[in-house]
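Please open the structure in your viewer and keep the selection tool at hand.

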Amino acid sequence: MGLRLGSIAGALLLWWLLSLAMPANLLPGPVVATVTLFKDFAQGDVLPHLAITLLRVTGGLALAMLIGVPVGILMGINQRAEKVLDIWVMVGLTVPSLCYAIICFILIGLNELATIVAIGLTAAPSIAINLWEGVKTIDFKLVQMARIFEVGRTKILLRVLLPQVMPYVMASIRMGLGIVWKIAVLVELIGRPNGVGFKLFYWYQLADMAQVLAWTLLFTLVMLAIELGILKQLEHRLFGWRPRVGL
Amino acid sequence: MTGQVKRAAPAISVSRLQKRFGDLPVLIDLDVSIADKEFVCILGPSGSGKSTLLNIIAGLETADGGKVTLGDKRVGYLFQEPRLLPWLTAERNVDFALQGCAVPVARRAELKDHYFALVGLAEFRNYYPHQLSGGMRQRVALVRSLCVEPGILLMDEPFGGLDELTARRLRVDLLRIWRESRKTIVFVTHNAYEACYLADRVLVMAHGRIRDEIIVNVPRPRDYDDTAVFDVNRDVVRRFLAAAELQPERPGQVPGIVPDPVLQSSGGMP
């Protein structure tokens with residue numbers, strides 16, 4: 001914990017020193033960015049945009065999981081499915097998120113559905129790959145053991161297979177979230193009249209660096225809060241049985 | 001030579017069992033009969049088909065031909081590895097096995113108390129597998145296989161992965177447990193001394209068949225270092241080597257080069 005705080009303090013110090021070396025309008029320091037953020041909050045400008053972005057992130061992540069998890073599991077357990085699908089997962093991974101966004105906006109329209117579909121499609125391949133690898137590590141000897149003790153199929157699925165896949169589902173949620181955040185702002189930038197991405201683009205056009213940094217800071221803080229406050233805790237609760245590995 | 005007729009109905013009766021993996025015959029017309037409450041060790045080199053035989057008796061694999069009849073449908077199985085669920089404590093692992101079995105719920109707590117105490121793990125019931133040593137994990141697996149109250153206990157080199165000292169302790173424990181609970185045990189191993197110490201009868205297996213049979217006439221309870229066990233061991237090893245050197249039979253063999261499972265694995269045993 002001490003090391004982590006030290007590393008954050010170091011980064012802030014570096015930012016502050018850089019800001020001193022550069023013109024104030026080009027790189028404002030951490031204090032200016034924070035004050036700007038608070039002012040925006042006070043004006044009631046932040047929450048509506050943050051809320052709509054969070055909504056898109058959640059929707060996009062849900063869709064990405066809905067596609068990626070079954071595809072990944074299917075590829076992990078069925079060789080034919082693997083042969084048919086792996087090329088498409090690779091293709092899906094290669095296509096830039098901007099392409100998904102543009103295609104969705106043209107085909108579906110400039111609306112929330114297109115936004116969520118674009119986000120979901122971009123993140124799904126990474127999630128599928130994660131699960132695909134995860135399913136391959138399943139220890140089927142444990143299934144054999146359960147069968148010896150005449151444990152039913154449903155119970156084997158829930159109590160032997162699912163716990164083995166869960167760490168990978170959890171890891172793909174975390175990874176997916178990281179990807180989805182980044183795509184969400186990009187999609188908002190090109191096709192939405194609101195959201196964090198829209199605001200960033202707006203301040204970029206006005207060349208207001210203090211605002212750009214304030215919104216980037218907001219974004220980062222919210223992201224960290226979700227990661228450390230929710231996902232880490234959840235992981236700790238779910239996988240407390242695992243040995244702690246010291247490296 | 002095999003399937004010697006014993007009193008009453010046998011606990012396990014195997015007749016003309018056939019199994020092949022692709023072109024490779026693993027079990028060839030195998031006959032064996034195991035009496036109720038008998039402790040039988042199947043001794044054979046790697047690749048002799050002994051694990052396959054055990055898996056077919058347990059219903060984990062299907063045979064290509066022949067018949068297996070079990071006197072008691074309740075079968076316990078101890079694998080070479082503990083195969084515990086790592087996310088459950090020792091006791092929850094036993095509960096996991098108990099949920100599918102016919103043991104009355106009222107008896108379960110008592111059984112767990114009894115067997116955990118018997119293997120010396122009463123204090124470790126709430127430990128996760130990764131917090132236990134290899135020998136302790138295998139003991140938990142033993143408790144698990146005993147708590148379901150099987151009439152027949154199948155064991156596939158259960159102490160093969162452990163250090164000699166731990167393995168030795170567990171062998172002594174196993175005999176004590178067997179004496180108290182009187183189950184039919186089929187114990188697969190490639191360790192001749194282990195077989196002689198444990199068994200009433202040692203079956204020597206090679207190339208998919210039972211090649212020899214040795215009755216171990218050492219009175220019980222046995223001492224691990226009893227010279228009588230050493231004497232039987234000498235005899236068993238001699239006959240074991242003779243059986244392993246027999247040429248494999250290949251009924252209906254197609255001309256061509258077929259890999260020999262014994263030659264391939266004769267370099268070392270796991």
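**A sheet in chain B**

Begin by selecting strand 1 (residues 12-21) of chain B together with strand 4 of chain B, which pair in the antiparallel sense over five bridges. Please bear in mind throughout that this is a predicted model. Within this pair, display B:Q18 and find its counterpart in strand 4 of chain B: B:G65 stands opposite. In general, the strands of a sheet pair through backbone hydrogen bonds, in either a parallel or an antiparallel manner.

**A residue in strand 2**

Select B:L30, which is found in strand 2 of chain B. Is B:L30 buried or exposed? B:L30 counts as buried because it has 24 C-beta neighbours inside 10 Å, and the cut-off for a buried residue is 20 or more. Leaving aside neighbours within four places in sequence, display the residues in contact with B:L30: B:V14, B:L17, B:L53, B:G208, B:R209 and B:I210. For a distance to check in the viewer, take the C-alpha atoms of B:L30 and B:G44, which are separated by 14 Å; these two residues are 14 apart along the chain.

**The two domains of chain B**

Colour chain B by its domain assignment, which gives domain 1 (1-72 + 152-159 + 183-246) and domain 2 (75-150). The C-alpha centres of these domains of chain B lie 26 Å apart. Where they meet, 10 residues of domain 1 of chain B are in contact with nine residues of domain 2 of chain B. Select strand 6 (residues 152-156) of chain B, which gives the most to the domain 1 side of this contact, with five residues. That side of domain 1 of chain B divides into seven nonpolar, no polar and three charged residues.

**The nonpolar cores**

Turn to the largest nonpolar core, which has 79 residues. Those with the most contacts inside this core are B:L43, B:V143, B:L154, B:V186, B:A199 and B:V202. Select helix 4 (residues 134-147) of chain B, which gives the most to this core, with six residues. Domain 1 and domain 2 of chain B both give residues to the core, so the core lies between them.

Centre the view on B:V143, and set aside its neighbours within four places in sequence: the residues in contact with B:V143 are B:V94, B:Y115, B:F116, B:V119 and B:L121. Apart from this core lies another, of 49 residues, including A:M75, A:L131, A:I179 and A:A184.

**Where the chains meet**

Finally, show both chains. How many residues does each chain bring to the contact? Chain B brings 16 residues and chain A brings 15 residues. On the side of chain B that touches chain A, 12 residues are nonpolar, three are polar and one is charged.

Terms used
Residues numbered from 1 in each chain as written. Chains lettered and ligands numbered in written order. Predicted model: local features only at pLDDT ≥ 70, side-chain atom pairs only at ≥ 80, totals over all residues. Core = buried A, V, L, I, M, F, W, Y, C linked by C-beta atoms within 7 Å. Buried ≥ 20, exposed ≤ 12 C-beta atoms within 10 Å, placed from the backbone. Helix = DSSP H or I, 4+ residues; strand = E, 2+ residues; numbered from the N terminus. Domains from an automatic or database assignment. Contact = placed C-beta atoms within 7 Å. Pairing = 2+ DSSP bridges. Nonpolar A, V, L, I, M, F, W, Y, C, P; charged D, E, K, R; others polar.
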